[in-house]
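Let's take a friendly walk through a protein model. Have a look at the sequence and the picture, and then we'll go through some of its parts together.

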Amino acid sequence: MPDQKVQIVVVGGGAGGLELVRRLGTRYGRRNHDVILVDRNLTHIWKPLLHEVAAGSLDANLDEVGYGGHAVRWGYRFFHGAIERIDRAARTITTAPLIDEAGVEVIGRHTIRYDYLVMAIGGISNDFGVPGVRDHAMFLEDRPQADRFRQKLLNACLRTNHAHQTGNAEARVRVSIVGGGATGVELAAELYNSAKALRHYGLEVFDESKLEVSLIEAGPRILPALDEVLATTAKKELEALGVRVLDGTQVVRLAAGEVHTGDGGVIAADLIVWAAGVKGADELRMMSDLELTRSNQIVVRPTLQSATDDRIFALGDCCSCLLPGRDRPIPPRAQSAHQMADLVLTNLVRAQSGKPLRDFVYQDRGSLVSLSRFSTVGSLMGNLVGGRMFVEGWIARMVYTSLYRMHLIAIHGWVRGLALIVVGHVNQIVRPKLKLH
């Protein structure tokens, strides 16, 4: 019997996972290796763009990447499915049956062997056990959720527009966003950008004055990852747009159309978005015996191998990596997943050559937060700027945009990546500003 190919299975086609399979496919091809990407979705969209999809200011159909075509181009295989179980003894994963909208089975339960397994399934929103979150809030974890929010937002705007046309001058679209991190702040600003444009799309009497957005943060200030001066600047920018920023306000319960706070207050809301933290998927506890944190993240060593199994790696939001000398794990950011993907590639190559694996070294490149077209604030870190540099305005916006361009190059290569950047720039000029359906 001929020797089997070395099979590397990557579960999750997010920022880190897709970059990894592209580079693995480029390096190995299909002669002696079989690189397989497993994902429950058919397409990839860069997660930091989801707030723009949700607000309707980005057409995801123009920016998403189809896994099937990408796999053919870069020499790996794509399997459409959601992981259900990891059998470490047999070195296999099992995917759940794929069911269509009518309840008909498309692909049955499937078993895939691996020599090396990389978990890159990302994270989900942490509800911290607050009652009513799963029943009454929406999330922005993937494109289907962003599309659902966009449709509900448009419906609310249409109802309000009609109410004003029929004499109800007090009608408003009330949106409450729980969580003052980057996602919550960027969504709040993007909503006002979209509202300004709706009058050009048939909503004759609707504009940003008919929108009431509350941004609720339990901590003492929004954007805790940024310097306090920059966080204060962002807060002032949001308030100038019309956002009601409620920092130091704990949410204790959600009900239908209501956000209940710890001080006894009740905030009325037509739409509630929960963006208050990240944890690992609940299914991880049922699919394997890997060591997990209390927040369902896979515990990994500095080599990014799981603490339980040398042949299983994890990267991005689904893992918890506490490096020596640090008191907190690596933060769940796109830049973390990108850097982890680099190391996992290196260590997969070294593991097959019998060489010692390298430890992860996290380089904090800073944080940038986009307030839509109104402003961008953040900090850059690195030797080129002498440590830390605070940036605002068009410079920050230029750097923020370049992060996505770097991601395009990472998943498509230099030639195709640069071509897509040019096409994307042209599309921004000629395509409609809003995605309404």
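## A question to start with

Which residue in S7 does Arg85 stand opposite? Arg85 stands opposite Thr94 in S7.

Before we go on, a word on what you're looking at: this is a predicted model, where local features need pLDDT of at least 70, side-chain atom pairs count only at pLDDT 80 or more, and totals for chains, interfaces and linings use all residues. Residues are numbered from 1 along each chain as its sequence is written, and side-chain values use heavy atoms, with hydrogens and water left out.

## The whole protein

The protein has 11 helices and 26 strands. Here helices (H or I, at least four residues) and strands (E, at least two) are DSSP runs, numbered from the N terminus. Of the 437 residues, 52% are buried. "Buried" means under 20% relative accessible area, "exposed" means over 50%, and "partly exposed" is in between (1.4 Å probe, protein chains only).

Now for contacts, meaning heavy atoms within 4.5 Å. Take those between residues at least 6 apart in sequence: 64% of them join residues at least 24 apart. The protein exposes about 20,600 Å², and carbon and sulfur atoms supply 51% of that area. These areas come from the Shrake-Rupley method with a 1.4 Å probe; for residues, only the protein chains shown count as cover.

The predictor's confidence in each residue is called pLDDT, and it goes from 0 to 100. Its mean for this protein is 85, and 82% of the residues reach 70 or more. Over residues 380-389 the pLDDT is below 50, and this stretch has 18 contacts in the model beyond near neighbours in sequence. Residues 425-434 also have pLDDT below 50, with 14 contacts beyond near neighbours in sequence. Where pLDDT is low, the predicted coordinates should not be read in detail.

## A three-stranded sheet

Back to the strands from the opening question. S6, S7 and S10 form an open sheet in the order S6-S7-S10, with antiparallel pairing. Strand S6 (83-87) and strand S10 (110-113) stand at the edges, each with a single partner strand, so one side of each is left without a neighbour in the sheet. From one strand to the next, the twist averages 25°. Such angles run from 0 to 180 degrees between N-to-C directions, and the axes are lines fitted to C-alpha atoms, for helices over the stretch in contact.

Two strands count as paired if DSSP finds at least two bridges between them. S6 and strand S7 (residues 92-95) are joined by four bridges, and Ile83 stands opposite Thr95 in S7. S7 and S10 also pair over four bridges, with Thr111 in S10 as the bridge partner of Thr94. In the hairpin of S6 and S7, four residues sit between the strands, and Arg91 takes a positive phi near 55°.

In a regular strand the side chains alternate between the two faces of the sheet. In S7, Thr92 and Thr94 point one way while Ile93 and Thr95 point the other way, and all are buried.

## A five-stranded sheet

Another open sheet has five strands in the order S5-S2-S1-S11-S22, with parallel pairing. Its edge strands are S5 (77-80) and S22 (312-314), each pairing on one side only. Neighbouring strands are turned by 20° against each other on average, direction ignored. Four bridges join S1 (residues 6-11) to S11 (residues 116-119), and Val9 has Leu117 in S11 as its bridge partner.

Helix H1 (residues 15-28) packs on this sheet, touching S1, S2 (33-39) and S11, and its direction makes about 160° with that of S1. Helix H10 (residues 334-352) lies across S1, S2, S11 and S22, running at about 165° to S11.

Trp274 belongs to strand S19 (residues 271-274). Is Trp274 buried or exposed? Trp274 is buried, because its relative accessible area is 3%. Leaving aside neighbours within four places in sequence, its contacts include Phe128, Val133, Phe139 and Leu254. The side chain of Trp274 also reaches the backbone oxygen of Asn126 at 2.9 Å.

Asp317 is in the loop between S22 and strand S23 (319-321). Asp317 is buried too, with a relative accessible area of 15%. Not counting residues up to four places away in sequence, Asp317 touches several others, including Lys47, Gln297 and Arg333.

Key. A polar contact is a pair of N or O atoms within 3.5 Å; within protein, one must be able to donate a hydrogen and the other to accept it, and residues adjacent in sequence count only if both atoms are side-chain atoms.
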